[in-house]
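Here are my notes on the model you sent over. Have the coordinates open while you read, and go through the points in order.

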Amino acid sequence: NPEIGKPDSFQFSFQMESGVSGALNIFLSSRGHMENRLLILGETGAITVRQNQVTVRKQDGAEYSFEQDDDGGYTEQLLHFYRAIRYGEPVQTTFEEAYRDLAVLVYALKGAEKGEVVAFSSRIQEDLAGV
């Protein structure tokens, strides 16, 4: 979408060190299509997360779905922050965890611009060492 100037669609294929692979598809302002889906493929089945609908499909054909209420994370995130400051409760997400989440997306976008495959674990660890 040239009106926003930057990519508004994101397709990200990944493989974890454990061998689990997956794909993350986010299409925000593409004309005629909007999607936010995470697909995880494992040795014994697959999990699809689409908005607040989670579907588990097992290798033997069994399938079940459930809804996970989700406010986008912002309300709970702010409440956790408030309780940590006001009542000294433990912080739910550390800076390092949040950085890793964001870094994966940033490195994926940079890799796509250069047409490269990106190994995240070493780059993110190097970046965090300087924080």
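1. Burial first: of the 131 residues in the protein chain, 19% are buried, where buried means under 20% relative accessible area, exposed means over 50%, and partly exposed is in between (1.4 Å probe, protein chains only). The chain exposes about 10,200 Å², with carbon and sulfur atoms supplying 54% of that; the areas come from the Shrake-Rupley method with a 1.4 Å probe, and for residues only the protein chains shown count as cover.

2. Some housekeeping. This is a predicted model, so local features need pLDDT of at least 70 and side-chain atom pairs count only at pLDDT 80 or more, while totals for chains, interfaces and linings use all residues. Residues are numbered from 1 along each chain as its sequence is written, and side-chain values use heavy atoms, with hydrogens and water left out.

3. The protein chain has three helices and six strands, and from the N terminus on they run β-β-β-β-β-β-α-α-α. Both kinds of element are DSSP runs numbered from the N terminus: helices are H or I with at least four residues, strands are E with at least two. Among contacts with a separation of 6 or more, 16% come from residues 24 or more positions apart; a contact here means heavy atoms within 4.5 Å.

4. The strands make an open sheet of six, in the order β1-β2-β3-β4-β5-β6, with antiparallel pairing. At the edges stand β1 and β6 (63-67), each with a single partner strand, so one side of each has no neighbour in the sheet. From one strand to the next the twist averages 10 degrees. For the bookkeeping, two strands pair if DSSP finds at least two bridges between them, and axes are lines fitted to C-alpha atoms (for helices, over the stretch in contact), with angles from 0 to 180 degrees between N-to-C directions.

5. Strand β1 (residues 9-15) is joined to β2 by seven bridges, antiparallel, and Gln15 sits opposite Ser21 in β2. The two strands form a hairpin with five residues between them, and Gly19 in the turn has a positive phi of about 100 degrees.

6. On its other pairing, β2 is linked to strand β3 (residues 35-41) by seven bridges, again antiparallel, and Asn25 has Arg37 of β3 as its bridge partner. Why is strand β2 largely enclosed by the rest of the structure? Six of its seven residues (21-27) are buried.

7. Ala108 and Phe12 are 96 residues apart in sequence, yet 7.2 Å apart in space, C-alpha to C-alpha.

8. Last, the aromatics: a search of the whole structure finds two pairs. Rings of Phe, Tyr and Trp (its six-membered ring) pair if their centres lie within 6.5 Å; planes under 30 degrees apart are stacked, over 60 edge-to-face, and the rest tilted. Tyr82 and Tyr87 have ring centres 6.1 Å apart and planes at 90 degrees, so this pair is edge-to-face. Tyr82 is partly exposed at 43% relative accessible area, whereas Tyr87 counts as exposed at 55%.
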